[in-house]
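Please read these notes with the model open beside you.

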Amino acid sequence: MTNINIPVSVLNLAPIRKGQNEKDAIDAMVDLAKATEEMGYTRYWIAEHHNSPTLVSSATPILIKHTLEHTEKIRVGSGGIMLPNHSPLVVAEQFGTMATIYPDRLDLGLGRAPGTDMMTASALRRSHNDSVYTFPNDVNALLTYFGPMEKQGYVKAYPGVGTNVPIYILGSSTDSAYLAAKLGLPYVFASHFAPRFMEEAISIYRKRFEPSEYLSSPYMMVCLNVIATETDEEAKRELTTMQQFFLNVVRGTQTPLQPPVDNMDELWNQPEKEMATSMSSVTLLGSKDSIRNQLTSFQEKYNVDELMAVSYIYDPNKQKRSYEILKEVVDGK
């Protein structure tokens, strides 16, 4: 029997909505965290993006700390910390400090991309060598920094040693699937914007997984888009906010999150439509019954261990309702 009663979590890029400022976006991020905590979501992850005036998620650890402060039990983490931009020691010290203040509530999702354009990446970089290639070593360094005292080298993270902050490997291609499998770590695939290699990456991770002290069997999470509303018609209209978000990405423009529109064809041309649609093809869309049917089909095919949902909906109350509907579906309500 297909299991759709699985843990569900939230990813937030912390977008600025049209008519709002940066502080409003941060307040909305916290407000959604409180609401999804109340609904029983497992974790709430915040992205890392730089030089993007429409997103406020550049200083991810500060946003994580702010969210932890305003919630009580939901796990809060990074989706993800983009390791090429950071020294592993600094990451270990930051997350070790947060883990000390908020024990057993912190997750560290790690990505190997810079989360920005190449010129900004160069301004962020800790070295001019391509630190994308040092990603496996950097992950191992972090595992050590959070581990027991007897495994430490000369340089240690204080606080950090012995905090055992759980590490998740994030990926949007197959590369990270091999690494997550080799290290025996949980793996999170970014189907919400890069679905092309999802199936292959899941298969590689499961086939090659090596049990470790962190995990005895594969733990596969998939991040996807969810637009859940009372009716299928309403969902199609709310979807246009997400379509405008991806059109923004395709065009490289910098427009805040827009309200829904009546007709997307007035906004995009055919090639733009095709690119934006292919990026967002892994989306649960519609009424509760539609979401249930789509999720059941998804799980029949992929049988993942946890879903992480990102919901680009302009109206914050409708966004909360979307998460509520998804939670009701997995809870069998």
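The numbered points below begin with the model itself and then go on to the helices and the rings.

1. This is a predicted model, in which local features need pLDDT of at least 70 and side-chain atom pairs count only at pLDDT 80 or more, while totals for chains, interfaces and linings use all residues. Residues are numbered from 1 along each chain as its sequence is written, and side-chain values use heavy atoms, with hydrogens and water left out.

2. Helix α7 (residues 198-208) packs against helix α10 (residues 288-302) at an angle of about 45 degrees, and their axes are 11 Å apart. Helices here are DSSP runs of H or I with at least four residues, strands are runs of E with at least two, and both are numbered from the N terminus. Axes are lines fitted to C-alpha atoms, for helices over the stretch in contact, with angles from 0 to 180 degrees between N-to-C directions.

3. The structure holds 9 aromatic pairs, where rings of Phe, Tyr and Trp (its six-membered ring) pair if their centres lie within 6.5 Å, and planes under 30 degrees apart count as stacked, over 60 as edge-to-face and the rest as tilted. The rings of F245 and F246 are edge-to-face, because their planes stand at 85 degrees, with the centres 5.5 Å apart.

4. F245 also pairs with Y312, and this pair is stacked because the planes are at 20 degrees, with the centres 4.1 Å apart. The pair links distant parts of the chain, 67 residues apart, with F245 in helix α8 (residues 232-251) and Y312 in the loop between β9 (306-310) and α11 (316-330).

5. Ring pairs also link Y187, F189, Y205 and F209 into a cluster.
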